[in-house]
Amino acid sequence: MRALFLCLAFMLATAPARAAQQAEPGYRISGMVIDAVTSAPVPRAEVSLSAGTGETKTTSGDDGRFLFQGLDAGKYPISAGAQGYIREGYNQHGAFFTGIAVGSGLDSEHVILRLHREAVITGRVTDEHGEAVRRAQVMLFGYDRASRSHATFMRAQVQTNDLGEYRFAHLQAGKYYVAVQTQPWYAQVGLSYSQEQGQPVPPSRSTAWKPDTALDVVYPITFYPGVTQEHAATELNLTASDKQEANIQLQAVPSVHVRLTNLPGNAENGINIQANQRFFGSIVVPLTAVSGQISPGEYEVAGLPPGEVTLNVSGGGNQEWRSQTIKANVSGNETLDGAGTTPIANVSGRVIFPTGEVISAQARVTLLDEGNQSASATLQKDGTFSFAPLQAGTYKVSVDAQGNNEYVENLSATGAKTKTSGREITISTAGDVQLGITMGRGMGGVTGVAKLDGKPAAGMMVLLVPASGQNLEEDSRMDQSDSDGTFALARIFPGKYLLVAIADGWDLDWSNGSDLKPYLEKAQSLQISADDQEKVAVEVQHKK
Amino acid sequence: MQPSVRTFAIAFTFVAWLPCVSPATGRQLEADGFELSGKVINAATGESVSGALVQLQAPAGKVQFSSTDGTFAFTNLPRGRYSVTVRKPGFFSEQELGRWNAWMKSSQDVPFNGELVLKLTPEAIIYGEVKNENGEPIEGVTARVQSWQMENGRRQLHNDGHAVTDDEGNFRIAELKPGSYRVSFVPTNRGSWVTFDKLSHRKEADQGYSPQFYPGVADAELAAPIELHAGAKIHITQALSRQRLFEVAGVVRGANVESGLNLMLVSASGDMVQKAVRINPKTGEFQIPGIPAGTYRLSAMAPATNDEATKEFRPPLTATQLIHLNSDLTGVVLTLGRGLSAVVRVYGGGAAPDGTGNVPQVMVRLISKEFPQYSPGALAPPRKEEGKAVATIDDISPGTYTVEVYPHQPGYIAAIQCGSLDLLRDELTVVQGAALPPIEVTLRNDGAQLRVAVVQNGQPAAAAVVLYSEEYPRRSLLLQTNETGTLTQGNLPPGKYQLAAVNDVQDLDFQNPISMEKYLNHASEVTLQPGDQANVRVEVQEEHQ
């Protein structure tokens, strides 16, 4: 069963637990809450059951036992939490867990809820003088074992207190990184160019008051144990109930001043410049920076840390949303060409919908680049669209037509040197690009039972991957079988697929083709057509 | 003029050499490079403070960090007057503490014959843990530090800091200025709004934690003050025990729930207490479970709608009820409608009440006695040019209010009448269904001017002065002298006043006759006639127990 939100239990209204005294008609769910490592019962754990009208809670006794009764037949998500333990769904893996199936002939009375002791990371942030840094933003990066691509993502952020201390609690076992983003308390960063009588004046000749250069400093984003490069960061490997300390000392460095030239000089609403840094491939962290116009077409950006930064320059009138992304490794005082060196392409085209489709007024076409920046264009009534000038690169194409059952089926592109692959388009040179997008309608679904040695098996990882091996991240679907062995996969784009069920497959990096290959030989082949609902039984493979 | 210039030049040169003799540091190094040095000290302990940022502003920007013994030195400074600031995290500068003479003192002339001493006041910290009746930590409780402050002419609880307890129940609130504080603990509220067709039928009592003020009372007025001196670090362990929580259930009438309805329970401290609200969109029945015992304002609000089809504009509809909860409450009926309206008429401009002519503008506010955060009001008249000195305050919930009026031009409020009620003294009770007579405000500009000189032990002293009116206590004012101990206040309503000069005014409810009693025994008296210009000398009163 898949959770809609990771904290499903918290999002619904509470309803008090039902009385345990009298036996009621209806089905029961009962079992025990135990420590996943020691197997000792966990007393006074709060066990929650999500039902249609809300949530029911009960507390486990001193023997760790709990009971819900008076239930209608159906499937129930169940989770438990206790002091010192992580709140978990039954057999939870990332966003998936095993739902309890209740009804005649089903055993829902021997549920063992395993809770893992939470791990904690604490630490202290100090500055170059060894003094505590307060109100610094500390970021925790981690993996999600069951997410599609095992990518690192930002798990949590906290601020340090007056002692410079921070604390991340309720952590699962796993690998983590800690980084700090803040500015020196004494820093006074300003633009070095000023304006006198409408003319820009370089810092050396300006008579306007400026803060002392000793204060024109920044702290780069710093990883534990005190490095600014992510590849040099120390990985914290946490086991359950682990308590690790990660102290970080910050070093102030002179702020980088970048002069951007060749920007549009006639931007109506001015030019907006945002700076950010990218970590672990896809995590974008915004930087605080100051920018201002030096003269028409020239801007200064100050307060940047040295290193790899990305500047997103956008501006223009209301109708046109023009943006430029400039990546550079900066230091000291630099001049960068605001026009960028990447070729500019003009993308326009047409979306072809299945017959009878009415295009709603809010329909949009969106192009997502590798930095997770998106550009979008409105769809006209005849299905045509036109983007503001874009940089060459690779983009994921998606169409939001306000319907819920459509997907991008095919792309075709002519014009400037382009290549389409699945739902991606790569533009290599400057010029005009005509993009044709064909939409398909009617996503399919697969439901069924996962069987191990002929019997329904709970908690199995069920995975559907495109047979072509392409678009693995976007097109695959995953579920965890419930207590009666059943699973459900939905919103499947029509096509040819392979279905596997793997016991304990949660640590597999299945988006990596080679990890998955050994299991595909025994996979079931499925052809999903539009609006198809397939019902299957799949044999569970053991982890190789 | 030549001889005097020469004299001056000689005198100047003579004076310029003098500092060389003193141990301090106003030496003249070159033609126009002077040195300015000094020390940064902890105002509470007198110890030196290292690593503080000392900054000189105009004419030239220069900075220094104080060294390990707290000293700093600027060299090569041109002659002039500099603005000096000092700061460091964990400390407050004199300016930040709002000392009246701080701004004056922050200007420094160079050359300077001496050591410049800069004071930083250390922050106070309140920290501790929140536990339940079993001694286990409670996570997610908001610990809030508040103090009574003067805001908008009223004594209100001001938020000074807050922190949420972590998984070990710990909280820590820093950056507190010296003063008197109240600490409250409010368990987290994951408010959610759920629409259900079936309302639940409870079978078991609900239990949970309810908000409390340290050391363990529900009411802000009963909370024990925590006195913080500079640099204090106070540790608190707060135990919250589970209490019975109750449910408020009833029905909302007169609303199209599907087009939007806001239902909330607000406590006297202004917090929304509901964690979850269940409502049946078709019948308007609602249930709000999990509420601790106490007094609340239950209000429903349907927002204004603009019907696109019929172009009809429906104004917002409200319904409010005061609820005293000490057991499950059912059968509450909230009938949405336009709340009560009060018409405000303003008279004034000359010495006699006048309904026409010069139209003065005033701000009228109704402050709810039970819920001080709730204060509907209006500007009367809304637009000056209209010539009609009338305004309306709409959607007033039933309850008891004090009425406050602030003039937007020179003058004083001579009278506020509502029917036979003298609102300068009395409270206004608003009852559902009973129409209110118009509120009539009379403004006059023949006020008196009072000049006060405060002395202590024969010397002028800066202090706070309470101008207390026995006739209309709510007219009493809390004023502050300048550094020479004088103050001037104009536009005062004629009448009899008592003056008390005091040093410590925090927490002083100066509009409350009971709080003021001990000061009034030693107060100076003055009776002001219209147009008077009076001078009074007041002796500072020592601390009273």
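# Exercises on a predicted two-chain model

A:R44 sits in chain A, in the loop that links β2 (27-35) to β3 (46-51).

## Exercise 1: Finding cis peptide bonds

Locate a cis peptide bond in chain A and another in chain B, and say where the proline of each lies.

*Solution.* Most peptide bonds are trans. In chain A, the bond between A:Y224 and A:P225 is cis, with omega about 10°. A:P225 belongs to the loop between β19 (222-223) and β20 (236-238) of chain A.

In chain B, B:Y214 and B:P215 are joined by a cis bond with omega about 5°. Here the proline, B:P215, is in the loop from β16 (212-213) to β17 (226-228) of chain B.

## Exercise 2: Reading a sheet

Describe the four-stranded open sheet of chain B, beginning with the order of its strands.

*Solution.* Go across the sheet: the order is β4-β1-β8-β6, and the pairing is mixed. The edges are β4 (71-77) and β6 (91-93) of chain B, each of which pairs on one side only. On average, neighbouring strands of this sheet are turned by 30° against each other, direction ignored.

Then pick out one pair. Strand β1 (residues 34-42) of chain B runs antiparallel to β4(B), and five bridges join them. As an example of facing residues, B:F34 is opposite B:L77 in β4(B).

## Exercise 3: A buried strand and its partners

Find out why strand β39 (residues 464-468) of chain B is described as largely enclosed, and name strands that it pairs with.

*Solution.* Count the buried residues: five of the five in β39(B) are buried, so the strand is largely enclosed by the rest of the structure. Then check both directions. In a regular strand the side chains alternate between the two faces of the sheet. For β39(B), B:A464, B:V466 and B:Y468 point one way, B:V465 and B:L467 point the other way, and all are buried.

Last, look at the pairing. β39(B) pairs antiparallel with β40 (residues 477-480) of chain B over four bridges, and B:L467 has B:L477 as its bridge partner there. Antiparallel pairing also links β39(B) to β42 (residues 495-502) of chain B, over five bridges. In that pairing B:A464 stands opposite B:V502.

## Exercise 4: An arginine in a strand

Decide whether B:R297 is buried or exposed, and list residues that it touches.

*Solution.* First place it: B:R297 is part of strand β23 (residues 294-302) of chain B. Its relative accessibility is 14%, so B:R297 counts as buried. Leaving out residues up to four places away in sequence, B:R297 touches several others, including B:M264, B:L265, B:V266, B:F371 and B:Y374.

How values were computed. Residues numbered from 1 in each chain as written. Chains lettered and ligands numbered in written order. Predicted model: local features only at pLDDT ≥ 70, side-chain atom pairs only at ≥ 80, totals over all residues. Heavy atoms only, no water. Pairing = 2+ DSSP bridges. Helix = DSSP H or I, 4+ residues; strand = E, 2+ residues; numbered from the N terminus. Axes fitted to C-alpha atoms, helices over the stretch in contact; angles between N-to-C directions. Buried < 20%, exposed > 50% of the residue type's maximum accessible area, 1.4 Å probe, protein only. Contact = heavy atoms within 4.5 Å.
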